[in-house]
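Please look through the structure shown here before reading the briefing that follows. The notes are grouped by topic, so that each part can be followed on the model.

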Amino acid sequence: MRLRSFPIHLLLVVCGIAMVLPFFWMLTTSLKTPLEALQFPPTWIPKVFQFDNYLEVFRQIPLWRYMANTVLITFASLTGVLLTGVLAAYAFARFRFPGREILFMLFLALMMIPLPVYLVPSYMILFRLGWIDTYLAMIVPWTVNIFGIFLLRQHFKQLPQDLFDAARIDGCGRFRTLLSVVLPLSKPPLVTITVFNVIGSWNSFFWPLIVTHSDSIRPLQVGLAYFSREQSTNYTLLMAATTMAIIPLILLFFIAQKQIIQSQARTGLKE
Amino acid sequence: MPSSSASRKLKEAGVGFLYLLPALLVLAAFRILPILLSARVSLYDWGMAGAREFVGLGNYLAVLQDPVFWKSLLNTGWYMVFTVPIQLFLALFIAVLLNQRIRWLGAYRTVYYLPVVTSIVAVSIVWKWILHPDRGLLNYILSWVGAGGLRWLQDPRGLFQLVFGDTRNLIPLALRGPSIAMCSLIIMGVWKGLGYNIVIFLAGLQNIPKTYYEAARIDGAGRFRMFRSITWPLISPTTYYVLIMSSIVAFETFAQVWIMTGPPSGGPLSTTKVVMYYFYENSFEFWRLGYGASIAFFAFLIILGLTIIQRLVLERRVHYG
């Protein structure tokens, strides 16, 4: 049995090396001198560890500022997504009102519309509001996650009716029921939404690229992308900046990888 | 009594609607209104300064007659035709290997998943360096086996030109296949998205009851036969999902082109100018917003069409166990 699984492991390890090699290459280049980085054939481990590359990045671009911007946008939009999502899903799952099903279908249909369709007019609306080049432009339009509403609605619907009856008999109002009965039972979908949203906002690029112009407000990805255009041949600095840009999310991934992978796998399955 | 029940119903409807309101307001302002506006904008020659001239369907007709639009569609098509199936079969293959009750499953899964959580911007910057024609890691590794020397992101030659040794541009433009530059993006795209598909497939595989395989083994079925008669049909809903998702992701390719190709981006010779980049360029670099909105409309039609075609053609073959 051990012997038979050897070729499988061999294949998996070879593929695995291909998956990590770019990360290793990023790290090793980030620690080389510019001269050594351009050496060919290249060296696998830097001869002298040039930690100064990392400091030099901070001298060239406001990386902390970019990160702070990203953190702010990520948390603000996550807060919005959770608030609007829980309330809307509760309404869809537990209230009866005319037009409920039609509205829900409308929400789902909106999810199918690709970004370019609403990007140009959204830009115009943000321009009218005077929000271009402000945090608001990157936060407010992303305070609703339709897929999150969908997940939560499914979850709320399958909670047993007895729970709600018991809460009512105990004198709980609707809102109180939501807070003290429904939410404590909804951890899995809430974690899933949080995971998707944090990864999504941390990595988002297209939208902030378009709605920001000044450097001080740029989130990490946009700042990094412009840095890569300006310093297109300065590979050691680029790799140092990129390493720092991906570390927070990689750390998060290692801490919460079980939740992240399970969330992704769960949403991929047919209901 | 009936009147009080009616008023209770009315109250429930009112309160329910109140709960819905925050989400509805945001969606109305930043999804529904823009979608409606988009139709209007596309009917105007609309620049940065605002509407200038009503052109009716002029933008749509201009897009359809624009050779660069068709070129961008072709480029996107090549990207999808290569990335989606390669990713799908490779992911399924690896997922099947991982599903053999193997040791270190968690470690492998983590490694394969790493590129998925990493931002496309970061990954593009790193791969641009790896694909460097003179100093890049890829050409160095290829040189071990005597290959290499390709100029990757700077090479506009079509893949089929290279394969068939067509040095004098005898193959017509549309049949040359993705340019070597586009192949670079394809390689990176497969690498980036593989882990996601593996995780989805793995979840699907774990749902197949083990007893089926035991029964097949008793009947004397080999590994390949078991894959063909049990795994493949039972995994088909997952395959279908992966196919649609990765097609949409592939169609929306943008950041790679912005970061890795050129200057000017979309090069060399516009062979990596995908639809999304073409849309971006027209809307937010040339500020032809009306024209951009028309391109977006076609992009939407194509995504919708892809979904419908895949549904019609494939859904009949999908086996929902």
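Predicted model: local features only at pLDDT ≥ 70, side-chain atom pairs only at ≥ 80, totals over all residues.

Two residues are said to be in contact if their C-beta atoms, placed from the backbone, lie within 7 Å.

**Two helices of chain A**

- In helix α3(A), the residues Asn53(A), Tyr54(A), Glu56(A), Val57(A) and Gln60(A) meet Thr236(A), Leu237(A), Ala240(A), Ala241(A) and Met244(A), which belong to helix α14(A).
- Sorted by kind, the residues of this contact of α3(A) with α14(A) are six nonpolar, three polar and one charged.
- Helix α3 of chain A covers residues 52–60 and helix α14 of chain A covers residues 235–255, and the two pack with their axes 9 Å apart, at an angle of about 85°.
- Because angles of 65 to 115 degrees count as roughly perpendicular, α3(A) is described as roughly perpendicular to α14(A).

**Where chain B touches chain A**

- The contact between the chains involves 70 residues of chain B and 68 residues of chain A.
- On the side of chain B that touches chain A, helix α1 of chain B (residues 2–41) gives the most, with 20 residues.
- That side of chain B is made up of 56 nonpolar, eight polar and six charged residues.

**The domains of chain B**

- The domain assignment of chain B gives domain 1 as 2–60 and domain 2 as 63–315, and the C-alpha centres of these domains of chain B lie 35 Å apart.
- Ten residues from domain 1 of chain B and eleven residues from domain 2 of chain B take part in the contact between them.
- On the side of domain 1 of chain B that touches domain 2 of chain B, the elements giving two or more residues are α1, β1 (44–47) and α2 (58–64) of chain B, and the largest share, four residues, comes from β1(B).
- The residues on that side of domain 1 of chain B divide into five nonpolar, four polar and one charged.

**Backbone details**

- Phe40(A) and Pro41(A) are joined by a cis peptide bond, with omega about 0°, and Pro41(A) lies in the loop between α2 (34–37) and α3 of chain A.
- Asp133(A), although it is not a glycine, has a positive phi of about 65°; Asp133(A) lies in the loop between α6 (115–128) and α7 (135–139) of chain A, and it counts as partly exposed because it has 17 C-beta neighbours inside 10 Å.
- Trp287(B), in the loop between α13 (275–285) and α14 (289–315) of chain B, has a positive phi of about 55° although it is not a glycine, and Trp287(B) is partly exposed, with 13 other C-beta atoms within 10 Å.

Terms used:
Residues numbered from 1 in each chain as written. Chains lettered and ligands numbered in written order. Nonpolar A, V, L, I, M, F, W, Y, C, P; charged D, E, K, R; others polar. Axes fitted to C-alpha atoms, helices over the stretch in contact; angles between N-to-C directions. Parallel < 35°, antiparallel > 145°, perpendicular 65-115°, else oblique. Domains from an automatic or database assignment. Buried ≥ 20, exposed ≤ 12 C-beta atoms within 10 Å, placed from the backbone.
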